[in-house]
Amino acid sequence: MLLAFFKWCEASAMGKTISGSVYLFPVVEAVHLLALAVIGGAVLIVDMRLVGLGMRQQPISQVAKDAEPWLIGSLAVMLITGFMLMTSEAMRCYYNGAFWLKMWSLLFATIFTFTVRRRVAFADAVKPMWTKVVGVISVLLWSGVGVGGRGIGFY
Amino acid sequence: MSLLSFFQWLESTQLSVNFHESVWMYPIVESVHVLALCLFLGITVFWDLRLVGVAFGGVPATEIDKRMFPWVKLGFAIMVLSGFGLVLNTPVRYYTNIFFRIKFVMLALAGLNAWVFESGVYKKVKKWDREKLTPSQARMAGAVSLVLWAGIVIAGRMIAYNWFDKR
């Protein structure tokens, strides 16, 4: 089923337009990178606070609330531009181990962020040991997305 | 010594040759450079957004500065070191690449912008530390920084392409 979907992406008008252009891939990739800076900051600032670093004078819930719209916005841009990039080389991605490392990390990171991490960060009454564990897991999951993503080009 | 001869000299060093001949050095250093972007620029972006007045409005500016700037410095050090590593891979190619030059002009401008901010409106930060709406010079500094760093990222990514390289 996945194979059929990737074949469809490869054959899609968007995929063909991007792969057929000299400039489109670099431009979409650059937007993907700009959103990376924003999502990187939005994730790290909250994870640092969860671990006990960074803005320690502020309640965790306030830091998490301030960062959330930026996290959601930049994630949306990442998903849209990432999907565009994928369609332009869908079959290459399908057979790329780094791509799948990225996709699985992304799935778990996103679920974890909007369930466990969100509840812990917004609660303000969680034992420091647990906020630390949540912060570390979050950094590791999102790092998997980043390392996998960079790896697609080298794999 | 001209800039070109500096890059030619760099290319002739054993360090550069070793770097270039290694299979793993470039991918590793490149990955470090891209991922450290999250640390350095990720935090810098939110500092700028605070100055512009659209993020972390409830947190005093000096508090963000005090708590986050050590991490920005660490991120910047990683960016500079890994960036130097990338140049070391093919020094003359970087020197001749137009996007590399554009990136460095914008880096200098970003530094100048930060200096103007630090030596100007930030000296009077006590007056607006807790204000969500910062003074216009601070908002301007934040906006200029965001634009320049976006340009630096885009130019940095485009170094990979040789669209305008002389052959």
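Reader: Are A:D47 and A:R117 buried or exposed?

Author: A:D47 is buried, and A:R117 is buried too. That label needs under 20% relative accessible area. Keep in mind that this is a predicted model.

Reader: What makes the A:D47 and A:R117 side chains a salt bridge?

Author: Their N to O distance is 2.8 Å. The cut-off is 4 Å, between a side-chain nitrogen of Lys or Arg and a carboxyl oxygen of Asp or Glu. The value falls within 4 Å, so the pair is called a salt bridge. The two residues belong to distant parts of the chain, 70 residues apart. A:D47 sits in helix α3 of chain A, and A:R117 in helix α6 (residues 97-123) of chain A.

Reader: How many salt bridges are there over all chains?

Author: A search of the whole structure finds six. One of them pairs A:E29 with B:R157, at 3.5 Å from N to O.

Reader: Why is the pair of A:E29 and B:R157 said to join two chains?

Author: Look at where each residue lies. A:E29 is in helix α3 of chain A, while B:R157 is in helix α8 of chain B, so the pair joins two chains. A:E29 has a relative accessible area of 15%. That is under 20%, so A:E29 is called buried.

Reader: Why is A:R92 called partly exposed?

Author: Its relative accessibility is 36%. Buried is under 20% and exposed is over 50%, so 36% lands in between. A:R92 also meets A:E89 in a salt bridge, at 2.9 Å from N to O.

Reader: Why does A:W8 count as exposed?

Author: A:W8 has 55% relative accessibility. That is over 50%, so the word is exposed. A:W8 lies in helix α1 of chain A.

Reader: Which residues make the nonpolar surface patch?

Author: A:L2, A:F5, A:W8, A:M14 and A:F83 make the patch, of about 490 Å². Helix α1 (residues 2-11) of chain A gives the most, with three residues.

Reader: Why is B:C38 called buried?

Author: B:C38 has a relative accessible area of 12%. The limit is under 20%, so B:C38 is buried. A:C93, at 3%, counts as buried as well.

Reader: What makes B:S145 buried?

Author: Its relative accessibility is 7%. That is under 20%, so B:S145 counts as buried. B:S145 is placed in helix α8 (residues 136-158) of chain B. Beyond neighbours within four places in sequence, B:S145 is in contact with B:D48 and B:N113.

Reader: Which residues touch the most other members of the largest nonpolar core?

Author: The core has 63 residues, and B:F46, B:F56, B:F117 and B:W128 touch the most other members. Helix α3 (residues 24-51) of chain A supplies the largest share, 13 residues. A second, separate core has 15 residues, including A:A30, B:L10, B:F99 and B:I159.

Reader: What does B:W128 touch?

Author: Residues up to four places away in sequence are not counted. Among those B:W128 touches are B:L51, B:A61, B:F117 and B:P135.

Conventions
Residues are numbered from 1 along each chain as its sequence is written. Chains are lettered from A and ligands numbered from 1 in the order in which they are written. This is a predicted model: local features need pLDDT of at least 70, side-chain atom pairs count only at pLDDT 80 or more; totals for chains, interfaces and linings use all residues. Side-chain values use heavy atoms; hydrogens and water are left out. Patches are made of residues with over 30% relative accessible area and no salt bridge: like charges are joined within 9 Å, nonpolar side chains (Val, Leu, Ile, Met, Phe, Trp, Tyr) within 5 Å. Accessible areas come from the Shrake-Rupley method with a 1.4 Å probe; for residues, only the protein chains shown count as cover. Helices (H or I, at least four residues) and strands (E, at least two) are DSSP runs, numbered from the N terminus. Buried means under 20% relative accessible area, exposed over 50%, partly exposed in between (1.4 Å probe, protein chains only). A nonpolar core is a set of buried Ala, Val, Leu, Ile, Met, Phe, Trp, Tyr and Cys residues joined through side-chain atoms within 4.5 Å. Contact means heavy atoms within 4.5 Å.
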